[in-house]
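Please find below a short note for a colleague who is meeting this structure for the first time. The sequence and the model come first, and the comments come after.

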Amino acid sequence: MNSLTCEINGFSKNRLKKQSTRVTTVTGRRLIETRGKDGDVQQVEEPSDAAFGFVEDSCLDLQVGVVRPFLLLCETSSQDAAHDLDVLRKFKVTHVLNVAYGVANPFPHLLHYRTVTLLDLPDTDITSYFPECCAFIEEARAEEGVVLVHCNAGVSRSSSMVIGYLMTREGLAFDDAFSQVKAARPSICPNPGFLLQLKNYDPQASTSS
């Protein structure tokens with residue numbers, strides 16, 4: 001750690017290479033943006049025969065997938081629904097399992113929260129978090145509550161956690177658990193590392209250890 005800190009502190013901006021980014025605006029213009037050493041951004045319009053713009057979608061995504069009556073999974077963007085009180089009340093959410101990174105819990109006076117900060121990286125040992133997260137979900141279920149599981153985008157971490165819950169608590173095989181979660185939330189896509197861990201996950205071995 002010390003050597004890494006020294007390397008970071010000793011890094012010079014002069015070693016940075018210029019990078020260019022191709023940007024398409026909402027009107028269809030294509031620009032080449034280049035950032036200089038001083039931080040200034042230079043824009044050059046790129047010639048194009050056909051220019052196609054796009055409609056910017058600034059609406060919140062408040063979709064919620066129902067995996068079990070007591071277990072919900074946010075659609076993308078996962079944190080949108082978790083921050084919308086009307087949606088939470090509509091689905092009678094009492095507990096929130098937050099497995100995002102850097103996302104606050106907005107209603108601590110109204111809901112029960114459990115925050116488990118996870119990075120969406122293939123080498124993150126997601127199965128090591130199953131006991132804590134599954135216990136929280138079971139706690140809510142025992143209290144006849146409803147748990148909403150969310151991460152940042154609702155694609156990888158939260159879906160992997162719900163799949164892990166079904167495998168751990170209901171004894172489902174990976175294929176069955178994955179299919180049921182995907183039926184509730186079609187756009188799930190655990191990263192390759194999470195998928196491999198889930199496929200190799202043995203709940204009984206984990207419990208006995």
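This is a predicted model: local features need pLDDT of at least 70, side-chain atom pairs count only at pLDDT 80 or more; totals for chains, interfaces and linings use all residues.

1. The structure holds three aromatic pairs. In one of them, the ring centres of Phe-70 and Tyr-165 lie 6.3 Å apart with the planes at 75°, and because an angle over 60 degrees counts as edge-to-face, the pair is classed in that way. This pair links distant parts of the chain, since Phe-70 sits in the loop between strand 4 (64-68) and strand 5 (71-74) while Tyr-165 belongs to helix 5 (residues 157-169), 95 residues apart. Both Phe-70 and Tyr-165 are buried.

2. Another pair is formed by Phe-174 and Phe-178, whose ring centres are 5.6 Å apart and whose planes meet at 40°, so that the pair is tilted. Here both residues lie in helix 6 (residues 174-184), four residues apart, which is about one turn of the helix. Phe-174 has a relative accessibility of 11% and therefore counts as buried.

3. The largest nonpolar core has 35 residues, and Leu-71 and Leu-97 are those with the most contacts inside it. At least two residues of this core come from each of strand 5, helix 4 (130-142), strand 8 (147-150), helix 5, helix 6 and helix 7 (192-200). Leaving out residues up to four places away in sequence, Leu-97 touches Arg-114, Val-116, Cys-133, Phe-136, Ile-137, Val-147, Leu-148, Val-149, His-150 and Met-161.

4. When its neighbours within four places in sequence are set aside, Ser-158 is in contact with Leu-73, Val-99, Val-149, His-150 and Cys-151.

5. How many disulfides does a search of the whole structure find? The search finds zero. Cys-134 is in no disulfide, and the nearest cysteine sulfur, that of Cys-133, is 7.0 Å away; Cys-134 is itself buried, with a relative accessible area of 1%. For Cys-151, the closest cysteine sulfur is that of Cys-74 at 8.4 Å, which is too far for a bond, because a disulfide requires the sulfur atoms to be within 2.5 Å. Cys-151, at 1% relative accessibility, also counts as buried.

How values were computed: Residues are numbered from 1 along each chain as its sequence is written. Side-chain values use heavy atoms; hydrogens and water are left out. Rings of Phe, Tyr and Trp (its six-membered ring) pair if their centres lie within 6.5 Å; planes under 30 degrees apart count as stacked, over 60 as edge-to-face and the rest as tilted. Buried means under 20% relative accessible area, exposed over 50%, partly exposed in between (1.4 Å probe, protein chains only). Contact means heavy atoms within 4.5 Å. A nonpolar core is a set of buried Ala, Val, Leu, Ile, Met, Phe, Trp, Tyr and Cys residues joined through side-chain atoms within 4.5 Å.
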